[in-house]
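Q: I should like to learn how to read pockets, helices, strands, aromatic pairs and cavities in a protein model. May we take them one at a time?

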Amino acid sequence: MSRASARVFVVGVGMTKFEKPGRREGWDYPDMARESGTKALEDAGLEFDEIEEAYVGYVYGESTAGERAVYELGMTGIPITNVNNNCSTGSTALYLAARAIRGGLADCVLALGFEKMQPGSLNLDSFGDREAPLGNHMRALAESSPMAGPPAAWMFGSAGAEHMRMYGSTPEHFAKIAQKNHKHSTNNPYAQFQDEYTLEQIQGDKMIYEPMQLTRLQCSPTSDGSGAAIVVSEEFVEKHGLAGQAVEIVGQSMVTDMRSSFDTNLARDIVGADMSRKAASLVYEQAGITPDDIDVIELHDCFSANELLTYEALGLAELGEGHHLVDSGDTTYGGKWVVNPSGGLISKGHPLGATGLAQCAELTWQLRGTADQRQVEGATVALQHNIGLGGAAVVTAYRPAER
């Protein structure tokens, strides 16, 4: 199978509702995986014995937890690869599954992700006896921004504060991003939070990182949950008559840290804006699209600051002008793009291994026209952005198979 003909399609997706850690008593990761995986199989109309490989993502768990999770769906001896790539873990599993199809190594592959988390802020250094993966990033950032507050909030909050100093964005711009995403989540039954807030409530909530005026309602929570997607070849789509529900991955790229992540001495690049920019550029070239062609976007709003930075990295706005999209309302219903119709990480929740696959599920539903009250009218091109510090950015473009 040549690269030119090796098209990749998503034919089944499923996810659990994202929950506050521990809220569902006795709900362990095998239960989560069984729920999301079964939904994906049912959505595709397939049996597990048609799955040839599986890539399973999680960040907090023991080795071979991926096998244990998939065994809830079946035990057929297939290769199962465990994936850990920080917050981009779910989309990394999807990326690897798609590569197996694109390379002609398989015709039907499962990408699954889950996370069972502890309450509270993320621990970026779980082991005290070795170099932390983010050690270089944190040392570089500390040269210009003294550490304050939870590490992840400090890192992204520093990038937000930098944007305010350099380009004139304000705390209100970031708070409005959170307000938008919380409002979007009210129509998402899978979201951890489904509450709408006033701007005053968001800005008046508990302060997390003062230099940016980053409050708790502008931060993604820790979450339990799972997501799954089944990707297949063009031949598989034709053989099983799945074209009517298939969504094609028309572009996909993973980019890891470059020297520019550190050489610019800018907080935005330390937290991955340069990775996102390069990954998006590669995807646009692969898919033959521009930002103007996109209708709906799920992007990595781990903090409100990162959503604004990602507007610029994805080319929705020029560098330094992302906050003008907030002013114009161009990132919600009625605007140029609908960004994070699911509620994003801020309101839907962020179980690290599941996030990228939940984004895939949302965009698949959007392009099928089955997103219910969240539906973006006439959506035909979708873009996904998922980033993990340390680091990797995965960007994926989708279009319906029948177009």
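Q: Which helix supplies the largest share of the lining of the largest pocket?

A: The model is a predicted one. Helix H5 gives the largest share of that lining, with 4 residues. H5 and strand S11 (382-388) each contribute at least two residues to the lining.

Q: How much space lies in the largest pocket, and which residues are closest to its centre?

A: The largest pocket holds about 830 Å³ of space. Its lining comprises 39 residues, and those closest to the centre are Gly-120, Cys-219, Ser-220, Pro-221 and Thr-222. By residue class, the lining divides into 23 nonpolar, 10 polar and 6 charged.

Q: How is the length of a helix such as H5 to be checked, and what span should its 17 residues have?

A: An α-helix has 3.6 residues a turn, so residues three or four places apart point the same way. For length, one counts 1.5 Å a residue, so the 17 residues of H5 (residues 151-167) should span 24 Å. The C-alpha atoms at the ends of H5 are 24 Å apart, in agreement with that expectation.

Q: How many residues of H5 are buried, and what follows the helix?

A: A residue counts as buried when its relative accessible area is under 20%. In H5, 14 of the 17 residues are buried, and the helix is mostly covered. Gly-168 follows H5 and has a positive phi, near 90°.

Q: How should I read a strand, and with which strands does S1 pair in the antiparallel sense?

A: In a regular strand the side chains alternate between the two faces of the sheet. Strand S1 (residues 8-15) is mostly covered, with 8 of its 8 residues buried. S1 pairs in the antiparallel sense with strand S7 (residues 225-233) over 7 bridges, and Val-13 stands opposite Ala-229 in S7. S1 also pairs with strand S8 (residues 247-256), again in the antiparallel sense, over 2 bridges. There, Phe-9 stands opposite Glu-248 in S8.

Q: How many aromatic pairs does the structure hold, and what is the geometry of the pair formed by Tyr-58 and Phe-114?

A: Planes under 30 degrees apart count as stacked. The structure holds 4 aromatic pairs. One of them, formed by Tyr-58 and Phe-114, is stacked, at 5.1 Å centre to centre with 10° between the planes. Tyr-58 lies in the loop between strand S2 (53-57) and helix H2 (65-70), and Phe-114 in strand S4 (residues 108-115), so the pair ties together parts that are 56 residues apart in sequence. Tyr-58 and Phe-114 are both buried. Together with Tyr-29, they form one aromatic cluster.

Q: Where do Tyr-190 and Trp-365 lie, and is Tyr-190 buried or partly exposed?

A: Tyr-190 and Trp-365 form a stacked pair, 5.5 Å centre to centre, with 15° between the planes. Tyr-190 lies in the loop between helix H6 (171-185) and helix H7 (199-203), and Trp-365 in helix H15 (residues 352-368), so this pair ties together parts that are 175 residues apart in sequence. Tyr-190 counts as partly exposed because its relative accessibility is 22%, whereas Trp-365, at 11%, is buried.

Q: How many cavities of 30 Å³ or more does the structure hold, and which elements supply at least two residues each to the lining of the largest?

A: There is 1 cavity of 30 Å³ or more, and the largest cavity holds about 50 Å³ of space. Its lining includes Arg-268, Asn-306 and His-385. Helix H11 (273-287), helix H12 (304-313) and S11 each supply at least two lining residues, and H12 has the largest share, 4 residues. The lining divides into 5 nonpolar, 5 polar and 1 charged.

How values were computed:
Residues numbered from 1 in each chain as written. Predicted model: local features only at pLDDT ≥ 70, side-chain atom pairs only at ≥ 80, totals over all residues. Heavy atoms only, no water. Expected span 1.5 Å × (residues − 1). Buried < 20%, exposed > 50% of the residue type's maximum accessible area, 1.4 Å probe, protein only. 1 Å grid on protein atoms, 1.4 Å probe; cavity = no way out; pocket = protein on both sides within 12 Å on 5 of 7 lines; lining within 4 Å. Points joined across faces, edges and corners; volume = space filled by probe spheres on them. Nonpolar A, V, L, I, M, F, W, Y, C, P; charged D, E, K, R; others polar. Pairing = 2+ DSSP bridges. Phe/Tyr/Trp six-rings, centres within 6.5 Å; stacked < 30°, edge-to-face > 60°.
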